[in-house]
Amino acid sequence: MRSDPAASAAPMRGLGGPLRSTEPVRAALAPSAAALLLEDAADLLVVHLDFRAALRTCERAWQGLAEEPAGACLEVKCSLCVVGIQALAEMDRWQEVLSWVLRCYQVPEKLPPKVLELCILLYSKMREPGAVLDTVSAWLQDAGNQGLPEYRALAELHLRRVLLPLGCLSEAEELVAGSAAFSEEQRLDALQAISTARQQQKHGQSGSEETQKLNQEGSSSHKFLSLLTLLRQLWDSAVSHFFALPFRKSLLAALLLCLLVVRFDPASPASLPFLYKLAQIFHRIRKAVTSPLCRLPVHD
């Protein structure tokens, strides 16, 4: 049950003696008031499913706690952040989570381990682990965080959910080798996972190169076949047009075409093989034209 507002306000009146007329009234919320807003935000989130109102309530509480000392109400601040993250995710605004929590804590190194864990899990689940890469790396490199009991779990989570999926294998090896948080067994398991990921990465690159090569060969073959088809169509068209002309005109057209295109010298020895082939072509054309199938019936 909530405490009586009068009773909650009593400690505020007692802090530092009675307020004088010349003293400014503090706008910051007392820790008890922030806890009440946290309870309201949780009710709006879980019971009423009013995610927008829950987020606004968390922000109101945060504005009040902004003027509090850095070490005061750490648990309340973290809980407000957790409720806000859940509200943003429920509204399908998960892309704003990281920037929202950084507005609350100013720098990545000051994020509570629970909040950082939620960010890693959220962006990993949404297949955007790269969004938290710099933030988590900065948190892990901070000397003040390396003595926390949650450091080992967060380092392993960062390795499995962020570095390995992104293919940051060198960074993963540096994390495992340079961190004293891993036990010897955990270190060996992590190095084995990194080695497996490197082999998969090499196989994937070789497979993509082979696929690209096959696609290029297939494209070249397709272009070559298309060219052959076009040449055949042009040849068939030229032959049909040629046979549609009278025989004498066909011979004359072929001879003129050869003279204009080739421009050979009939008296040159080098032109003799060409003349021989040309004579063979004329002989075949005449034989085809004078065949019984090509003769028209003559009527009296």
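Me: Leaving aside its neighbours within four places in sequence, which residues is H158 in contact with?

Reply: In this predicted model, H158 touches L133, V136, S137, L140, L163 and L175, its neighbours within four places in sequence being left aside. H158 itself lies in helix α8.

Me: Why is H158 called buried?

Reply: The relative accessible area of H158 is 2%. The cut-off for buried is under 20%, so H158 counts as buried.

Me: Which residues of α7 are buried?

Reply: They are L133, T135, V136, A138, W139 and L140. These buried residues pack against α5, α6, α8 and α9 (169–178).

Me: What makes D134 exposed?

Reply: D134 is also placed in helix α7, but its relative accessibility is 62%. Exposed requires over 50%, so D134 is classed as exposed.

Me: Which residues of α6 and α7 meet?

Reply: From α6 they are P113, L116 and I120, and from α7 they are T135, V136 and W139. By class, the contact of α6 with α7 consists of five nonpolar residues, one polar residue and no charged residues.

Me: Why are α4 and α6 called roughly parallel?

Reply: The axes of α4 and α6 cross at roughly 15 degrees and come within 9 Å. The limit for roughly parallel is under 35 degrees, and α4 and α6 are therefore put in that class. Their crossing is left-handed.

Me: Which residues of α4 and α6 meet?

Reply: C78, C81, V82 and I85 in α4 meet K114, V115, L118 and C119 in α6. Sorted by class, the contact of α4 with α6 has seven nonpolar residues, one charged residue and no polar ones.

Me: How many aromatic pairs does the structure hold?

Reply: There are three aromatic pairs. One of them is formed by W94 and Y123.

Me: What makes the pair of W94 and Y123 edge-to-face?

Reply: The ring centres of W94 and Y123 are 5.8 Å apart, and the ring planes stand at 75 degrees. A pair needs centres within 6.5 Å, and edge-to-face needs planes over 60 degrees apart, so W94 and Y123 form an edge-to-face pair. W94 is in the loop between α4 (74–90) and α5 (97–105), while Y123 is in helix α6 (residues 113–125), so the pair ties together parts that are 29 residues apart in sequence. Both W94 and Y123 are buried.

Me: Why is the pair of W139 and Y151 called stacked?

Reply: The rings of W139 and Y151 have centres 6.1 Å apart and planes at 20 degrees. Planes under 30 degrees apart count as stacked, so the pair of W139 and Y151 is stacked. W139 sits in helix α7 (residues 133–141) and Y151 in helix α8 (residues 151–166), 12 residues apart, so that the pair links distant parts of the chain.

Me: How do you know that Y151 is buried?

Reply: The relative accessible area of Y151 is 6%, and buried means under 20%. Y151 is therefore buried.

Me: What is the phi of D92?

Reply: It is near 60 degrees, a positive value in a residue other than glycine. Most residues other than glycine have a negative phi. D92 is found in the loop between α4 and α5.

Me: What makes D92 count as exposed?

Reply: The relative accessibility of D92 is 55%. Exposed means over 50%, so D92 counts as exposed.

Me: Why is Q106 called exposed?

Reply: Q106 has a relative accessible area of 63%. The cut-off is over 50%, so Q106 is exposed. Q106 is placed in the loop between α5 and α6, and its phi is positive, about 75 degrees, although it is not a glycine.

Me: How many helices and strands does the secondary structure of the chain come to?

Reply: The chain has 12 helices and zero strands. Buried residues make up 30% of its 300 residues.

Definitions and conventions
Residues numbered from 1 in each chain as written. Predicted model: local features only at pLDDT ≥ 70, side-chain atom pairs only at ≥ 80, totals over all residues. Heavy atoms only, no water. Phe/Tyr/Trp six-rings, centres within 6.5 Å; stacked < 30°, edge-to-face > 60°. Helix = DSSP H or I, 4+ residues; strand = E, 2+ residues; numbered from the N terminus. Buried < 20%, exposed > 50% of the residue type's maximum accessible area, 1.4 Å probe, protein only. Contact = heavy atoms within 4.5 Å. Nonpolar A, V, L, I, M, F, W, Y, C, P; charged D, E, K, R; others polar. Axes fitted to C-alpha atoms, helices over the stretch in contact; angles between N-to-C directions. Parallel < 35°, antiparallel > 145°, perpendicular 65-115°, else oblique. Left-handed = near helix turned anticlockwise from the far one by under 90°.
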